[in-house]
Amino acid sequence: MQSRREFIRQAGTHFGALAMAAMLQSDVQSASGHAVQVLHHPPKAKRVVQLFMAGAASHIDLWDHKPLLEKFHGQPSDFGEPVETFQNGLGPWMKSPFKFASYGKTGKQLSEVVAPLGECVDDIAFVHNMVGKTGVHSQATYLQATGFQLPGFPGVGAWVSYGLGSINDNLPTFVVLPDHRGFASNGPKNWGSAFLPASAQGTTIFPQRENPIDDLTARADFITAAGDRDGLAVLERMNRLHLQQHPGDSRLEARIRSYELAAAMQLSAPEALDISGETAETMKMYGLDRMGAIYPDKINPAEEAEYFGRKCLIARRLLERGVRFIQIWSGNDNGFPRRNWDSHEDIERDHGPLARGMAVGTAALLKDLKRTGMLDDTIVLWTTEFGRMPSTQGSRGRDHNPFVFTNWMCGGGIRGGVTHGESDPWGYKPLDRSRSTQVYDIHATILHQLGIDHKRLTVRHDGIDRRLTDVHGHVINELV
Amino acid sequence: MLRHFKDDPCPDFVRWRGLQWKASSLPRIGAVIQPADIREMKTTRSLYVSSLCVSFVVCFAGQMDLRCSAADMSFSQDVRPILAEYCLHCHGPDEQVREAGLRLDIADTGVPSAIVAGHPDASEIIARLTSTDPDERMPPPEMDKRPSSDEIEVLRRWIAEGAAFESHWAYQPIRKPNVPSPSEPASTDIDRFIISALSEKGLTLSPTLNRRQLIRRASFDLIGLPPTPEGVDAFVEDSSPDAFAKVIDRLLESPRYGERWGRHWLDIARYADTHGGTAIGYVRFPFSYTYRDYVIRAFNDNLSYDQFVIQQLAADQLDLDDNDPALAASGFLTVGMQFRSIHDLIDDQIDVVTRGLMGMTVACARCHDHKFDAIPTSDYYSLYATFASSQQPDDLPVLGDPKPTAELEQYQKQLQDRQTVQRDMARDQAEVMRSRLRNQVGLFLSELAKGTPEQDVSAEILSYRTDDVRPLALNRWREYLRQLHDDDPVFGPWLKLDEVPADQFADQCERLIQTMKTDNGDPKKFAETHQLSLEGPKWNPRVLETIETSKPKSQIELAQAYGKLFAEVNQGWLRGLLESSREAVPGGEILTDEDPRHAEVNSTINQQIRRHLYEPGTPIAMPDEIAVKMLNRTVADTLSGKRNTIHDLHLNSPGSPPRGMVLRESKYPPTFHVLQRGNPLSRGETVTAHFLTALSDDTARPFDDGKRRLGLALAVVSPENPLTARVAVNWIWRNHFGLGLVRTPDDLGTRGTPPTHPELLDHLASEFVADGWSIKQMHRRIMLSDVYQQSAIENGLARQADPNNELLWRMPRKRLELEAMRDAMLAVSGELDTTVIGGRPFDFESAPIVPRRSVYGFINRDIISNIASTFDGADPTSCTVERPTTIVPQQTLYALNSGFIQDRAASVAALATNAAADDAGRVRWLYDRLFSRPPDQDEVRSAVEFVSRTNDDETSDAETQEELTETTANRWAQLAHAMLASNEFVFVD
């Protein structure tokens, strides 16, 4: 708790100040004995964007080229060991239905469906030896989103908000942009605050909805602009009078302040979400040049690009306005027809449009951030639940592969144009099985870039000093 | 004194330094203090900080009486927390990580130089803690923790005074302490404790709260609703001495009381109406509400707390009637998160019982001995064995006698139909599964021969295939063969050849078979297999023959030989059965009983083999409920679809009667083991079901089989267990004061905070037990005290002396929780509907809203509602002992813009308009109703001005009288809205 107070003091801004008032509320807060230092070391990044592919995006069809699969395509698969599968067994080896080509100075091989990211590849650090702990969607989503397989733990964005507080005074610290079709596995629990203060939780924004943020605008008829203003004024008067008569309770002041903040948010959020002032060029870059088009029922790249691109553009606008952590989701829950990355049946059918759409928005975001210089202190993390098998499932789809998958990071002081860790020639497990990368390492690295030692950002819950990285995690020094 | 010192700002430290400065001349604890010593100390001290002289002398001189010497240098209060924070992680009870053989949680002579009693300077612990050398320094630099100089001084003094260890305060028996006699007036025993502690610091209670605010406080505290203006007036005008006592009694008699305190309890019980852990959507409990209603009823009936606990842990073991409503109490154990893994499910039960009822963090000991408290892993698994012996039955008992209605009749009919359909499929498919498994003996033996490691089957993934290895069945084979003796006629060779090296296998096998054949003697003895009287040979001749012909060169080949034989024998049996059945119908060929054509069935030799397939206790002779766990995915999905139709009926049928979410315990539980590092595959020593050793006198006696939970329940509420009563009174206290006497209510262990008033805590705990564990009596005791009735005003001087208000020099102001806030808004708007108590949950989000009390609202564990997460609702993932309290803009957005608050404002405004003839009267009505007080003149003027302002945008456009009326109504609604959103409404003094 002490650490939070210190962090907030460090952040020194309004949301922080508000939360600080709540934290310092003397009747509730007992002092603990030792002070935690201000940021543990000089930060390289201030903000984070996490791109989360729900359903498990295939590493070997997007980022991790496997020529061997082309050679052995169609031949019976042999993993050399019993493999725990998640659906109906393992068919023959299957090459990617997509073509790969090399990009950037390093000649990094990328799939045609993510070709727009070719221009950014020299800024990206790929981690091809990610391993998970489970092939169950919900558990794997929790693991990547919160660092724990079970529910009940704060999302990574909540930890960052908790640790660093806000850098703006009229927008939430942690914003979640869900897939427009709905939530992925576990829904809001992926970005909940759990045992951290509610102020750390993610606020969902559905940019395309009439009410993008809950309760942002009034509903009752009797609320009018003028009345609202008067109503706020009378409320303010009442609260001020009450405060005078009840001194010595910082919560009262904090709540008054939070009304002011809410009012500010009412004004600033619609502005932040309004993309009508963006140039035609920008709109085109984000795949938003055919807004209002009628799309076919079948999943298609243009529609995916529009929805994902819009979230990316909104993300840039929110980052500019001081939102600390943004989580963007692609894909909703694991239903039919597939509107997520869980391509058991047909990689080409689902991964094709989803990836093409994702790549347009993502590339635009990276380039836009780079153009404005914000990429220097903004980390973009691309992640998913787990990878997919190098064999078929007797069809054109792939089963779950928690044994290896890919993450990549870009910006915020992360070294670009590098690959950390490789998968084996099949893309089945890490090449060096004794040295893999886990979500804890990714999280530790991100916190490190933000100036936080992941072992020292703790909060005591149920008698245990909890942290984002549990008892694991190493900063990936090669990438920072 | 030391305790106070710790929380004091600097001047006290100076005072204490004065004492330390003279340490060498100070008497040790236990030494006889001479008056001259006292004088000397007094002189020394007064040289430094004379103003603090009095309290010092009082306390130190008091060392001559017993009470004060104990309180003076408390290991539990002062020393242990420091050791826990800096040392015990590596030098505590956890043997596996203990460094250098040094243990610092108990007196231990493992490293004599660590603590040299009486000599802090000679004690290595001090040297290490203060060292600047990174190699020497403790805690090691990477732990990033340094004790403060104050803390070092405490340790020094403790060592100087003899370094006496004592068991942790919370595990010590509850002693009924003497009630102190403070010089200031005090109304109750509670006040005597509080005021004594305050006056040691020169502090006093705040003035008594005015009656209007007092009844508001009492009303929100006990029933979670504001008082009615009439109730306020009656109390204000009641001059009788027991006026407040009457208010308390009236509130305690209200059914609203159980709804308020029941909700507090549901936080602990991590109550929710859905399973949790569902990846997509959610699954509802059809009967969670029966537990919620049981809890509310228990509070309203003032069920004694010990009975309340016993029923919640073991209602099914109390010989209640089959339909006793108290059976619903078991929901305490069964409404938790439905984890995929049984181990997690049991962990949750252990957690809710130990942390929720006893303030112990036992769940920490799942993987390792507790790092800070005396909770070994074996204790965790003793509790594991207690809970793992129980299961939730498929058929839950109906509670009470449902009225025979047409709806009930229809429900029963549908239930019977759906259960028949489901059972038909389950029975058949279980038989199919067993039948397949009987044909797969070779597959399982081969896996075992290959050395396939055991797989955790607590969360199994279903297969699409019929021919692959079912881990559950493999485990059963593994376990079965492990306990089989090697003189078994069939598996003897298998067991004797186990672990024979590959290069010797063929030879040894050959030799063994020959020896066995010799053992059996003349094979002709067994030739007449159709003879029913034939005795089974020592070694099964078919097994020997099969092995002899196949000449296996490895255990795997041996497995295949066995597999072939088992399949042959089983298929022969199935054919034999079919043929025998044909003899039973006209036209079939009838044979004599011992006809050679009955040999397949009659053969004792075949019987020896078949017994491993059919005899109860063998791997495949498993009950249906286990067999269906191995079904293929499509079959399993269809079957669970049929089960879901029953679930839906329970959930949605209007005739579905309430049922208790009970557990049933096996009278013959299996053996349980410690699971090392929490790994289900890594079984350690066996455990019995027993209570925590730290709370048992010498050895913990095992609970009776079949009544393990009852044994646990009795241990939890046993007079020998000091935790339960302490935790309970602390919980009651906390819900009145906003803060507990122990400020870490779910951790009374070493890592928790010691009580602010240890003796008061014990006083309350002993009175609580003496009152027959009556919660309502405890409310009376607390609420009739001066400390409860004092006001919440700030006091700068007191704040300086006691910044955290630990001594309670003022009443902590409380903010309404989510439920109380919503209910209070409905109450003042006149909409709150309390006609029905209990029943199925209503949906918070429905439109129009359901104006029932929030405790009856649907709680979705899978998809936490926005309002719950925004307003710090209890997170039903696990036991919530303390809700966080945050202030975030989302809350104020809700207060400004939600339809809920706007509609309540409109309703209350409409009431106000009708309540009085003039605007001032209406304003007064609103203040009475919403704030329980009349407005002052300024407030009236300001409000009237607000509602009657005519020159703004809205009214300038209002052309007709109708529009003007509407605009005025809007102004009243806005005023009411501001009042509902105000701090005065949501904070209670």
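Author: Let's start with a term: a polar contact is a pair of N or O atoms within 3.5 Å; within protein, one must be able to donate a hydrogen and the other to accept it, and residues adjacent in sequence count only if both atoms are side-chain atoms. The side chain of His420(A) makes one with the side chain of Thr437(A), at 3.5 Å.

A quick word on the ground rules. This is a predicted model, where local features need pLDDT of at least 70 and side-chain atom pairs count only at pLDDT 80 or more, while totals for chains, interfaces and linings use all residues. Residues are numbered from 1 along each chain as its sequence is written, chains are lettered from A and ligands numbered from 1 in the order in which they are written, and side-chain values use heavy atoms, with hydrogens and water left out.

Back to His420(A): you'll find it in strand S12 (residues 418-420) of chain A; strands (E, at least two residues) are DSSP runs, numbered from the N terminus. His420(A) has 16% relative accessibility, so it counts as buried (under 20% relative accessible area, with exposed over 50% and partly exposed in between; 1.4 Å probe, protein chains only).

Who is around it? Leaving aside neighbours within four places in sequence, His420(A) is in contact with Phe126(A), Val127(A), His128(A), Asn129(A), Thr437(A), Ile476(A), Glu478(A) and Leu479(A), where contact means heavy atoms within 4.5 Å.

Now follow Phe126(A): Lys108(A) lies over its face, 4.4 Å from the ring centre. To count, NZ of Lys or CZ of Arg must be within 6 Å of the ring centre and within 35 degrees of the ring normal.

How values were computed: Helices (H or I, at least four residues) and strands (E, at least two) are DSSP runs, numbered from the N terminus.
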